[in-house]
Every structure is written in C-alpha cells, then in structure tokens.
Amino acid sequence: MYPNFLSKYNVIGSGYNVTRSADAYITGRFYASLRSPREGKSLDIGCGTGNYTIALQSKGVDIVGIDPSTNMLAVASCQHNSIDWRLGAAEAIPALDGEFGNVIAMLTIHHWSDRLKAFREISRVLKPGGRIVIFTSCPNQMQHYWLNHYFPEMMAASMRQMPMIESVIRELACAGFRLIGIDSYDVRNDLTDLFLYAGKHRPTLYLDPDFRRGISSFSSLVSPTELATGLTRLKKDLATGDLLRIFEKYRSTTGDYAFIVVQKP
C-alpha cells in the first residue's frame, strides 16, 4: 500500500496542518497508556507532520518521529527542528534493537503494507516490557458512521482498508505481544484533530473543502460525482432537519475509534 500512500500524503502534506492538530484529550490518553513515559525514548511510528510527537514531547516524553513521507517530515521539522525525525517505514524502522520504551501509532496501521512484519519490527526496537499504543478504527465501528448515508462508496472503500480489531490483536500476539486493553473512543464535540469522523456532531464541517482535503478518504477514495451528490443531500437534510433522523439510524454503542494497548514480555 505504500506507493499509493506516499503519493497521496506527499501531495497533501504541505496543507495537512490546516485542519489536523494534536487533540489534547487523545494526547492525554496516549500519555496515560505509555509505560514510564518520561524514562528512555519513545517512538511515534507513521508520525506524519509530527503533531502528536510534538504534543507528547511537550509533556516531557523523549520521542522520535518516523514516517515514509519526505513532505510530511519536512513540515514536522519546520514545526519542531530539535526532535529526531527519521525517514522510514513500520516494516523497516531506522533504529537500534531495544532503542525505545514505548511506541505510539496514530491512525496509521491501515497504511502499512505488512502489519505482522511491522509488529515484529516494532518488537525488535522495543525494550522488554515496552508498550505499543495504537489508535485506529475498524469496519464494524465505521459501518455506524452516518457518513455511510451520503458517501456509501467512499465509506465502503475506506472500510476495506481498515483492519478488524480481532485481526490486529491476532497479529500482535503472533509478534509476541501481550494485550493490556482495548478502549473505545467516541468522537467528542471539542475534538481538534479533524480526521474522518470528526464531524460526527458538527456535520457542517463536511461542507468545508479545507476540512475534506486533510482526510485521506475524501482526498483519494471519493469520486467527484459521489462527492457532489452526497454534499447536496447533506445540505438539504441540514436545512430540513432530516439529519437528526439519519443520526438516530446510525446510533451505535461500539465506539467510533479504539485505543489498543499491548506490551512486549
């Protein structure tokens, strides 16, 4: 998947931070899940423009950011040039054995070409007792996004690239990791990192082209026809109040995203 991924993110990298920033609540959840976060070094794998790398660094975490996109890393370096930014992929991490005490992965595992190989490579660079904290979504959560009503083909394509949590856990176990916990995350009204379902409670966000440009599903998975049709229907339902009926149809108790925490023995 990396060739398409790199093409996509090298194009949107320079404008990515217009709508994407580290959310304080998600940053806090990452920090609370790390093992001894202020001891040793941590790794942000697939760090993008480094928003969460920088946010955790500001909380006292000695952290390295790794990403395969040169454009993303250029933006990250401009934001904070004293952090160690490295060009690399999850399957081939430019790091020493046991270099890190923790690894975070923020909405990135669906871009990896070989997750099992990546998890084994992460195990190589983790110290014994080190943790991986993953933030992701899975198809059985995404099928409850009300976006399915307006952009069904885009959402179907987006769900196809997202792994089931059960598959992720199985792959992590094969790589030798022990599950610590899985916690669901429901999109909050004050979310500042405007990823795919950030507009759950703020549907007018999807009418903003800048907002859509920072989301890979809208920038690469939706056709012009579906986008135009979906936006027209969304505007109509906003005006008539029918959107409330759509909200109820897609109401779910499974959470919108999930934190997965595992530990290396």
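At 9% relative accessibility, C47 counts as buried. The model described here is predicted. A search of the whole structure finds zero disulfides, and C47 accordingly takes part in none, the nearest cysteine sulfur being that of C78, 13 Å away. The points below begin with the cysteines and then move to other parts of the model.

**Cysteines**

- A disulfide is a covalent bond between the sulfur atoms of two cysteines.
- For C138, the closest cysteine sulfur belongs to C174 and is 19 Å away, which is too far for a bond.
- C138 is buried, and its relative accessible area is 2%.
- C47 is likewise buried, because its relative accessibility of 9% is under the 20% cut-off.

**Helix α4**

- Helix α4 spans residues 70-79, and its residues M72, L73, V75 and A76 are buried.
- Viewed down the axis of α4, the buried residues fall within an arc of 155°, and therefore they line one face of the helix.

**The largest pocket**

- The largest pocket holds about 270 Å³ of space.
- Its lining consists of 15 residues, and those nearest the centre of the pocket are K200, F247, Y250, R251 and S252.
- Sorted by class, the lining of the largest pocket comprises six polar, five charged and four nonpolar residues.

**Backbone angles**

- Most residues other than glycine have a negative phi.
- S36 is not a glycine, yet it has a positive phi of about 45°.
- The position of S36 is in the loop between α2 (24-33) and β1 (41-45).
- S36 counts as partly exposed, because its relative accessibility of 36% falls between the cut-offs of 20% and 50%.
- L107, also a residue other than glycine, has a positive phi near 45°.
- The loop between β4 (100-106) and α5 (115-125) contains L107.
- L107 is buried, because its relative accessible area of 16% is under 20%.

**Points to locate in the model**

- Where does S36 lie? Its place is the loop that runs between α2 and β1.
- Is L107 buried or exposed? L107 is buried, at a relative accessible area of 16%.
- Which residues of the lining lie nearest the centre of the largest pocket? They are K200, F247, Y250, R251 and S252.

Methods:
Residues are numbered from 1 along each chain as its sequence is written. This is a predicted model: local features need pLDDT of at least 70, side-chain atom pairs count only at pLDDT 80 or more; totals for chains, interfaces and linings use all residues. Side-chain values use heavy atoms; hydrogens and water are left out. A disulfide is a pair of cysteine sulfur atoms within 2.5 Å. Buried means under 20% relative accessible area, exposed over 50%, partly exposed in between (1.4 Å probe, protein chains only). Helices (H or I, at least four residues) and strands (E, at least two) are DSSP runs, numbered from the N terminus. The arc is that of the directions from the helix axis to the C-beta atoms. On a 1 Å grid over the protein atoms alone, a cavity is a set of points where a 1.4 Å probe fits but cannot get out, and a pocket is an open set with protein on both sides within 12 Å along at least five of seven lines; lining residues have an atom within 4 Å of a point. Grid points are joined across faces, edges and corners, and a volume is the space filled by probe spheres set on the points. Ala, Val, Leu, Ile, Met, Phe, Trp, Tyr, Cys and Pro count as nonpolar, Asp, Glu, Lys and Arg as charged, and the others, Gly among them, as polar.
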